[in-house]
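Please examine the sequence and the structure shown below before reading on.

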Amino acid sequence: MNSLNFQQRIEQTLQIQFGVTIDHASKRQVYEAMMRSVREILSQKKFGYEQELKKRRVKRAYYMSMEFLVGRTLRNNLFNLGIEQEIQTYLSKHHISLDEIYQIEPDPGLGNGGLGRLASCYLDALTSQDYPVTGFSILYEYGIFKQVINNGWQQEFPDYWLDLGKYGLVYRSDEEVEVRFYGNIKEEMTAEGFRVTHENYTAIQAEPYDLLISGYDTDTVNTLRLWEAKAKTGFNMKLFERGEYSRSSEAEAIASSISKLLYPADSTREGKELRIKQQYFFISASLQQLVKNHYREFGTLENFHEYAALHINDTHPAMAVAEFMRLLIDEYHYSWEKSWEITTKTFAYTNHTIMSEALEKWAVDLFQPILPRIYSIIEEINRRFCQWVIDMGYEMTLPETAIIYDGMIKMANLSIVSSHYVNGVSKLHSDILVDSTFRSFYALYPDKFGNVTNGIAHRRWLGQANPELTNYLESLIGIDFVKDLSKISKLLEYKDDEKVLHALKDIKHQKKQQLAAYIQDTLGITVNPNSIFDVQVKRLHEYKRQLLNALHIVYLYQAIKYQGLRPTPRTFIFAAKASSGYDMAKNIIKFIHSISQLIESDELVREYIKVVFIPDYKVSLAEIILPAADVSEQISQAGKEASGTGNMKLMLNGAITLGTLDGANVEILEAVGEENIVIFGLKTEEVNQLVAEGYKPWEWYNRSERVKQTLDFIRTMTVGGMNFNFLVDYLLNDDPFMCLADFESYIYAQQQIEEAYNDEKQWQKMSLVNTAKAGIFSADRAVKEYADRIWHIQQVK
Ligand SMILES: *Cc1c(COP(=O)(O)O)cnc(C)c1O
């Protein structure tokens with residue numbers, strides 16, 4: 001891409017849209033002109049790529065996900081087009097800072113955390129490697145809420161991102177479809193055979209918006225299709241005239257709620273209904289469009305699976321299998337057997353969690369009225385599956401394996417039965433799936449299960465988030481690693497080179513200074529960039545154990561104050577959103593703030609430790625925090641974190657992992673060797689054993705002086721009139737994630753971290769090895785595994 005062309009486009013857009021020259025344009029106008037110009041360039045490229053794909057009639061992959069945590073797009077696109085430097089120079093000639101323009105773009109927050117970010121990393125990596133893929137999701141009007149902290153408590157505010165975010169979207173009025181809810185089904189024998197029709201339904205219009213996905217140094221452009229719900233005819237005059245006032249505005253009410261908000265609280269019946277509608281809405285729209293296009297091109301759907309691989313990202317899009325069956329049977333009149341054969345060759349499913357509350361289940365009496373035909377298809381899939389299980393002699397597994405059991409529809413079971421491949425997201429997690437969570441299914445389908453360890457878009461998480469390190473690495477080992485992260489292992493040759501170790505230290509220091517400046521500007525808090533930056537940033541959840549981290553800080557506090565401990569200065573950095581109905585998570589956020597306050601009020605302690613909670617964790621914030629980390633806290637209870645990807649981003653940027661043997665930490669350990677990571681705590685089998693024996697937190701309390709001191713101290717703590725006895729009670733009686741069982745081992749691991757850090761050269765070498773060994777955690781590697789082993793798609797240039 002030539003940047004001159006881009007400059008002309010910006011100036012032309014400014015003229016046409018706003019009637020100004022670049023020297024008189026506001027930042028906001030420059031931003032809009034740049035977003036529009038990028039969209040035009042990508043649209044052109046996409047047109048070319050589509051032509052090529054159509055000509056060659058290749059197989060494509062379709063990635064369905066309730067979440068895509070996209071992050072800002074402008075920098076990513078300029079980076080991929082290879083014109084970021086030139087545009088920066090060009091703008092600065094006109095006294096405009098490119099960085100300030102970037103800041104104007106809202107993060108499209110169409111996701112909660114890791115799962116959504118993974119989906120976006122995968123679209124980026126697939127596109128950079130010229131794989132034809134389309135993402136499908138919902139155009140949420142409000143993304144994940146904006147977090148504000150008030151007196152230590154989280155408050156949620158709406159994130160209306162479309163105002164400034166819409167310039168990246170392309171509206172495709174030619175591909176609207178209708179999605180139907182409620183009503184009843186009519187079954188009848190006709191001259192052509194048995195037919196099912198859906199009657200008296202409420203129709204919602206699905207309007208498509210495309211976010212164009214660029215790849216690095218390639219003309220390939222893929223699409224993330226986001227569906228918006230609109231009432232079909234708005235207010236229904238006929239119904240109104242007949243006196244059916246409430247039904248006349250029903251469609252309007254449904255439509256306005258469906259694409260309003262990401263993950264509305266689903267603790268109420270209405271919340272659950274809305275989730276079902278959201279899920280069906282976007283998968284139905286997506287499949288209708290795919291099936292229609294395929295039939296138009298081939299005149300048959302029998303070869304659908306030869307041209308399309310459909311991926312279910314966790315169970316949220318699992319209804320897709322039933323919707324696909326419905327289209328084949330009801331609309332194209334294929335037999336059940338034929339339709340089932342095509343379906344099971346088309347779908348694959350990735351499981352992302354073994355936390356039982358996250359394995360989706362829907363009550364039949366809730367589900368059936370909303371989607372009567374989809375329910376009847378799931379029922380038939382279940383009936384045939386159960387019969388097969390009985391024939392196989394595995395009848396006793398039915399309470400576990402049946403898709404519908406005890407009045408509940410189990411979406412993971414539906415996904416497994418209907419897919420040709422099921423995978424977990426790290427070696428440990430995939431092993432847990434076949435050994436325990438889906439053990440009975442593994443006995444039934446031993447060949448269906450596999451693993452693809454997660455990966456990250458290194459061009460965003462290193463290339464864009466850490467240009468200082470990227471440029472230095474480029475000068476040292478060449479630029480190849482930007483395209484192919486396995487090449488970063490060349491850095492290992494320098495692991496004893498003092499000059500290189502020194503330069504890496506300087507870069508880390510620079511990133512720490514930048515983060516310190518950010519904290520100063522946004523929170524008015526001064527942090528010392530010479531202290532250890534100890535980072536735990538991720539969604540707030542009990543299983544991730546931010547509380548364990550907080551306990552250790554309290555341990556340090558009382559040891560400094562009463563026992564003469566003088567640790568190496570450390571800044572503990574947290575960032576995390578708690579989901580809005582999750583009280584314990586919100587209490588932990590309050591606890592972290594209270595510890596911070598306690599430390600600040602003590603002249604002695606604050607010389608050594610500091611706690612900073614940075615509000616509103618999101619992709620653009622992660623891009624600032626991760627490159628500045630010395631220590632990466634990955635301290636979930638073993639067996640609970642399916643993979644983690646924050647751990648990979650941190651490792652790539654040279655942070656040392658302090659973690660349990662959980663998720664991808666296991667593979668990080670394998671990659672770097674035990675001298676370059678600090679591992680602590682119970683292993684998965686030990687956790688299971690302890691649960692089986694009965695975890696008795698009091699024993700751990702009585703056994704360890706340090707655990708005891710810490711909890712006893714918390715009982716004496718009052719900050720801003722609040723005490724935290726309830727947390728101590730929780731730790732001593734209820735905590736399912738067994739913080740106390742790992743606490744002693746964690747304190748010891750923290751001491752090891754400190755000792756390693758104090759040996760400056762040794763630490764820098766550890767850091768270098770972590771960066772150099774991060775190659776296998778590139779999303780490029782992960783998506784290639786999906787493409788080769790699961791989807792069977794080829795690269796197309
Ligand atoms: C990477 C990322 C996550 C996932 O972090 P984990 O530590 O793997 O849970 C969550 N949120 C954002 C914004 C991220 O960039």
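A residue is called buried when its relative accessible area is under 20%, exposed when that value is over 50%, and partly exposed in between. The model to which these terms are applied here is a predicted one.

When residues up to four places away in sequence are left out, Val148 touches Trp153, Gln154, Gln155 and Phe157.

The overall division of the protein comes next. Three domains are assigned: domain 1 (1-56 + 73-106), domain 2 (57-72 + 107-454 + 783-790) and domain 3 (460-777). Between the C-alpha centres of domain 1 and domain 3 the distance is 38 Å.

Which domains each contribute at least three residues to the shell around the ligand? Domain 2 and domain 3 each do so. Described by secondary structure, the shell receives at least two residues from each of helix 6 (114-128), helix 27 (619-625) and helix 28 (646-652). By class, six of the shell residues are nonpolar, five are polar and five are charged.

Within this shell of 16 residues, those that come nearest to the ligand are Lys538, Lys544, Thr645, Gly646 and Lys649. Three of these residues can be described in terms of individual atoms. In Lys538, an N or O atom of the side chain lies 2.8 Å from an oxygen atom of the ligand. Thr645 instead places a backbone N or O atom 2.8 Å from a ligand oxygen atom. For Gly646, a polar backbone atom is 3.0 Å from an oxygen atom of the ligand. On its own the ligand has 390 Å² of accessible area, and the protein covers 96% of it.

Helix 6, already named as a contributor to the ligand shell, also contains Ser120. Is Ser120 buried or exposed? The relative accessible area of Ser120 is 7%, so this residue is buried. Beyond residues up to four places away in sequence, Ser120 touches Phe68, Leu69 and Val70.

Helix 18 provides a further example of burial. This helix spans residues 411-418 and is mostly covered, with eight of its eight residues buried. The buried residues in helix 18 include Met411, Leu414, Ile416 and Val417, together with Ala412, Asn413, Ser415 and Ser418.

Arg57 has a positive phi of about 45 degrees although it is not a glycine. Arg57 is found in the loop that lies between helix 2 (27-56) and strand 1 (60-64). With a relative accessible area of 40%, Arg57 is partly exposed. Asp217 also has a positive phi, near 55 degrees, in a residue other than glycine. Asp217 belongs to the loop between strand 11 (202-214) and strand 12 (221-231). Why does Asp217 count as exposed? Asp217 counts as exposed because its relative accessibility is 53%, and the cut-off for that class is over 50%.

Methods. Residues are numbered from 1 along each chain as its sequence is written. This is a predicted model: local features need pLDDT of at least 70, side-chain atom pairs count only at pLDDT 80 or more; totals for chains, interfaces and linings use all residues. Side-chain values use heavy atoms; hydrogens and water are left out. A residue is near a molecule or strand if one of its heavy atoms lies within 4 Å of it. A polar contact is a pair of N or O atoms within 3.5 Å; within protein, one must be able to donate a hydrogen and the other to accept it, and residues adjacent in sequence count only if both atoms are side-chain atoms. Accessible areas come from the Shrake-Rupley method with a 1.4 Å probe; for residues, only the protein chains shown count as cover. Helices (H or I, at least four residues) and strands (E, at least two) are DSSP runs, numbered from the N terminus. Ala, Val, Leu, Ile, Met, Phe, Trp, Tyr, Cys and Pro count as nonpolar, Asp, Glu, Lys and Arg as charged, and the others, Gly among them, as polar. Domain bounds come from an automatic or database domain assignment. Buried means under 20% relative accessible area, exposed over 50%, partly exposed in between (1.4 Å probe, protein chains only). Contact means heavy atoms within 4.5 Å.
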